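Have the model open as you read.

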Amino acid sequence: MAAPPDKQAAKAAEHRPRPPGVPNPRSLIFKFLVRILPPLVVGILVFMLVVAHFTRRDIMDKIDTDVGVFATATSRVLDGLLWSYQTEEMVSALATISSNPAMLGAEIYDENGSLFLSYGITPEDHVDGLKTLWRDIYRRMPDGTRVDMGRLAIHYTHTFAEKRFRQQFLWQMLQFLLIIAVTLAGAVYAFNRTVSRPLKALLAAIRTTGETGRWTEADWRSDDEIGEVIDAHNGMLRHIAGKEAALADSEKRYRQLFENALVGIFLISPEGIIVEANRNAANVMGYESSEQMDKLNILQHYVHREDRERLWEKLQSDGEVNRFRIELVRLDGAHIWAELSGRLNADGFFNGILQDVTDLVKAARAMEERDELHRAFFEENKAVMILHDPLDSTIQFVNPAACQYYGYSNEEMTSMTIRQLDCMSDEEMYRELKEAAEERRNYFKQVHTLKDGTRRDVEVFTGPVSLGHRQLHYSIVHDVTEKRRLEARLQRMATRDQLTGAHNRHAFFQRAKNELARAKRFGHPLAVLMFDLDLFKEVNDSHGHATGDEVLRTFALRCRADFRQSDVFARMGGEEFAALLVETRAGQAVEAAERIRAMAANRPIPTDAGDLTVTVSIGVAALAAEDSINDLLKRADEALYKAKQSGRNSVVRL
């Protein structure tokens, strides 16, 4: 039946080509844009404002966190510097605030609350938005007590972050708007290419077919293209023929899918009789063909009869099962593990699929055994073992030996970071990492702090380990405190005179060679003093060797107290001593020698035999251009000899 003339004219007007750039208000793309664009823009703007709010808050929180971490780390460094009043080092430590543009200045107050040192901008500069973070500076004594030494104030601001955030937010807004525009343009282009044009071509073909009389127009009207497609489709449905042939073809395809499926498919009656099964199901159960399973009672293949009751109880309660695992026996007597999935039909028949998962079960059991082995190795091992994340240093797992060693519970340790156990500074840690790499050691020398404050020397063997998709570091910690103490004691015995505590002859020559090479390389002055206690044999003969040893020990202690830490003072043998004075010219060396001579002559040494005054003769030699250490010592020894010849208790320079 043809449409009325007015409707035909209206329809022709609808399909008349429009000028380029003029949208069709009845098209799907126009409706889509009108309906989705306003809420999309509003939603994105709201989303951006929410994201901006949380981003700003995160930036501020990160600045606060970074300042807090910096303040805590710096306070740990300042305790030693403030203890020894190393002002220059404290200024250098405070100068590291320049690494963070948010930090503007810092102040150190002593234990009385008085300003000790300041750096950068302080509240007195009246900077807008300036914030202050305080940290206590204290020193942990060997007995575990805490000595408060003062407070550290870090002054910082959010101003730079606010400015950077506003710039970033405007840039992100422009990016979002550009993305929206590009996405919508792409969507319009894709819709026109993939939907509108094919639909219009299809409609033209359907109308042409309708004009031939072989198609009938369906009673359906719609004001968009999809409605016209449905209208044309309804007309096509009235001319579909050969339903029986199509049904037969569908049955044939179903049988092919059923027989060629890679999983076993079955249909079982409520009594357990197999109504139908495919070839794969027969292969799983050990049969050569699916026909051999017809009318077979599946109950004879259950290893445990109670599994059937559990299966049917599950089916009757839930109506279906998913990966229900049971143990079955094949026709050849072999036991297998199978998984059943399927539904209970309205007539009570069970229709499902069957899969052989024997290899999977074996693999799972092997995995459980391996996990149990790993757990036993980790938890029952007497060595201290720690797993930590290298990204943020958080401790992930510890074994009981680690908890017992450090004195923390498992919950306490897994809430800590590895740096909380390590009491080394960042500089010390970097130096140790560098030394380990240069020495090609597979362990690190560190100092760890126990819960009670005790510091222990440890050797840490660390390597990477994968845990799922995470990369962790696995560390074994060995306590070597006693080993380090023994090494230090042996080092002291090898380089120090046991009676006086001064360097021994071997250590003196080692240090002297290094200092001589350095002085010649950079053109720096160097001097040597040779000491000899006058008439010391009479002290031993008159008062005994014990008194003589006390005199030597006291004299050496006074000399060591007078010399600088960079100087090398050594006992060369008997009552003979030597001193290597770095960065010292001949005149300065003579002054130092006179100071030592006057000290010996004017300060009696208290002993069990009474106060004894022992004078000293000193020879002085300064470094010449071509001198070796032996040349320098030889001249100093000659000067000493002349000092003794001149009447002792004197200083002679050559």
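## Two crossing helices

Helix 15 and helix 19 lie roughly perpendicular to each other. In this predicted model, the axes of helix 15 (residues 505-522) and helix 19 (residues 629-645) come within 10 Å, with a crossing angle of roughly 110°. Angles of 65 to 115 degrees count as roughly perpendicular.

Which residues make the contact? Helix 15 brings Phe508, Phe509, Ala512 and Leu516, while helix 19 brings Ile629, Asn630 and Leu633. Sorted by class, the contact has six nonpolar residues, one polar residue and no charged ones.

## One face of helix 3

In helix 3 (residues 87-95), the buried residues are Met90, Ala93 and Leu94. Looking down the axis of helix 3, you will find its buried residues within an arc of 95°, so they line one face of the helix. As background, an α-helix has 3.6 residues a turn, so residues three or four places apart point the same way.

## The nonpolar cores

The largest nonpolar core holds 32 residues, and Leu78, Ile108 and Ile154 touch the most other members. Two or more residues each come from helix 2 (28-83), helix 3, strand 1 (103-110), strand 3 (130-140), strand 4 (146-157) and helix 4 (159-211). Helix 2 is the biggest giver, with twelve residues.

Ile154 is worth a click: setting aside neighbours within four places in sequence, its contacts are Val67, Phe70, Ala71, Met103, Gly105, Ala106, Lys131, Thr132 and Leu133. There is also a second, separate core of 30 residues, with Phe531, Val539, Ala592 and Val620 among them.

Notes:
Residues are numbered from 1 along each chain as its sequence is written. This is a predicted model: local features need pLDDT of at least 70, side-chain atom pairs count only at pLDDT 80 or more; totals for chains, interfaces and linings use all residues. Side-chain values use heavy atoms; hydrogens and water are left out. Axes are lines fitted to C-alpha atoms, for helices over the stretch in contact, and angles run from 0 to 180 degrees between N-to-C directions. Helices (H or I, at least four residues) and strands (E, at least two) are DSSP runs, numbered from the N terminus. Angles under 35 degrees count as roughly parallel, over 145 as roughly antiparallel, 65 to 115 as roughly perpendicular and the rest as oblique. Contact means heavy atoms within 4.5 Å. Ala, Val, Leu, Ile, Met, Phe, Trp, Tyr, Cys and Pro count as nonpolar, Asp, Glu, Lys and Arg as charged, and the others, Gly among them, as polar. Buried means under 20% relative accessible area, exposed over 50%, partly exposed in between (1.4 Å probe, protein chains only). The arc is that of the directions from the helix axis to the C-beta atoms. A nonpolar core is a set of buried Ala, Val, Leu, Ile, Met, Phe, Trp, Tyr and Cys residues joined through side-chain atoms within 4.5 Å.
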